[in-house]
Amino acid sequence: MLRPLPGVSLLLHRRSALVVGVLFVLLFGVMLGSACAGRTYVPPGEVWQVLRGQRTAYDLVVGELRVPRIVLGAAVGVALGLAGALVQSVTRNPLASPDVIGVGHGAAAATVLALATGVAASPGALPAVAVAGGLAAAALVYVLAWRHGMQPSRFVLTGVGIGVALSAVVQLYLTETELAAAEQLKLWLTGSLNGRGWAQAAPLGWVLALSLPALVWASRALRPLGLDADTAAALGVRVHRDRLGLTALGVVLAATATGAAGPIGFVALTAPQLARRLTRTPQLPLAASALTGAIVVVAADLAARTLLPPLEIPVGALTSLVGGPYLLWLLGRSGRG
């Protein structure tokens, strides 16, 4: 217990604080390694000079190509890690994530609809449409799952059904459209940071900054919701209201991240569970989940750029390749339980 001011007390989980500090250092190291590595190796000293605004021979490579992409990847990972922790806490299900409740599928379907109607020529020009589609899909799932209250299991199952239906819409568009447009959409659907930069990172950064007060409230609201609904209600918690607020916050973060970089799969699913195993806390830790998500995305993007040069793998394909076996492991544990 910390008492920074008279009448103010804060609970501090020492292991969580230590893990957050280690994750900060690890994230800094991964971001520095990503700025240095690539087809052109840049020494760390040169990277530091570019960040300080000094003119060097690596201004284009580091300052305009790598740094904006790295910052966007870290922001996307933070948003997805937070969104996954919020949704999994509300549903009390480690297999749940914003992807499961249809956010990614809604963003993809909205992008397809905008392309089919001629609103824009490429998926990269439609971040706002993707965000609106993700929010609309989550709202539809919530309305259909509501039966005198929101039951987490019904919410997840409804989201799976809506996601399958929206995925069919996307597949229909891919089979009927011209080859060039279909190839552009396929790249966006896998999730990629290639060609992305400050234009996509700035809106996501504003959303994360404006979400800080809500995240402070969420960190307090998650504690009683870790109990069963009846016990939480007996303690004076407005269960349905808090669940709605936490879900809405998670959906906004996930939809904004999807609009910035496309649907990057399995980050929101794996990051909170990895963070919980590191901190050993009863609830999913928000700060550690955010940092873990950022590390996963930045490290995956670094591997995607450097594994098979000059070929560049979409980061979403790499996270899905790693996340698939992790999902099977979780399913196996749930089955034994």
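A residue counts as buried when its relative accessible area is under 20%. By that cut-off, 47% of the 337 residues in this chain are buried. The model is predicted. Its secondary structure amounts to 14 helices and two strands.

**The chain as a whole**
- Contacts between residues 24 or more positions apart make up 71% of the contacts with a separation of 6 or more.

**Helix α3**
- Helix α3 covers residues 59–91, which is 33 residues.
- From its first C-alpha to its last, α3 reaches 46 Å. That is close to the 48 Å expected at 1.5 Å a residue.
- The helix has a kink of about 35° at R66. The proline P68 follows shortly after R66.
- Because 26 of its 33 residues are buried, α3 is largely enclosed by the rest of the structure.
- Just after α3 comes R92, with a positive phi of about 55°.

**A nonpolar patch on the surface**
- Three leucines, L307, L308 and L311, form a nonpolar patch on the surface.
- Together they have about 300 Å² of accessible area.
- L308 sits in the loop between α13 (286–306) and α14 (315–336).
- Is L308 buried, partly exposed or exposed? Its relative accessibility is 48%, so L308 counts as partly exposed. The exposed class needs over 50%.

Methods. Residues are numbered from 1 along each chain as its sequence is written. This is a predicted model: local features need pLDDT of at least 70, side-chain atom pairs count only at pLDDT 80 or more; totals for chains, interfaces and linings use all residues. Side-chain values use heavy atoms; hydrogens and water are left out. Helices (H or I, at least four residues) and strands (E, at least two) are DSSP runs, numbered from the N terminus. Buried means under 20% relative accessible area, exposed over 50%, partly exposed in between (1.4 Å probe, protein chains only). Contact means heavy atoms within 4.5 Å. Patches are made of residues with over 30% relative accessible area and no salt bridge: like charges are joined within 9 Å, nonpolar side chains (Val, Leu, Ile, Met, Phe, Trp, Tyr) within 5 Å. Accessible areas come from the Shrake-Rupley method with a 1.4 Å probe; for residues, only the protein chains shown count as cover. A salt bridge is a side-chain nitrogen of Lys or Arg within 4 Å of a carboxyl oxygen of Asp or Glu. The expected span of a helix is 1.5 Å times one less than its number of residues. The bend at a residue is the angle between axes fitted to the seven residues ending there and the seven starting there.
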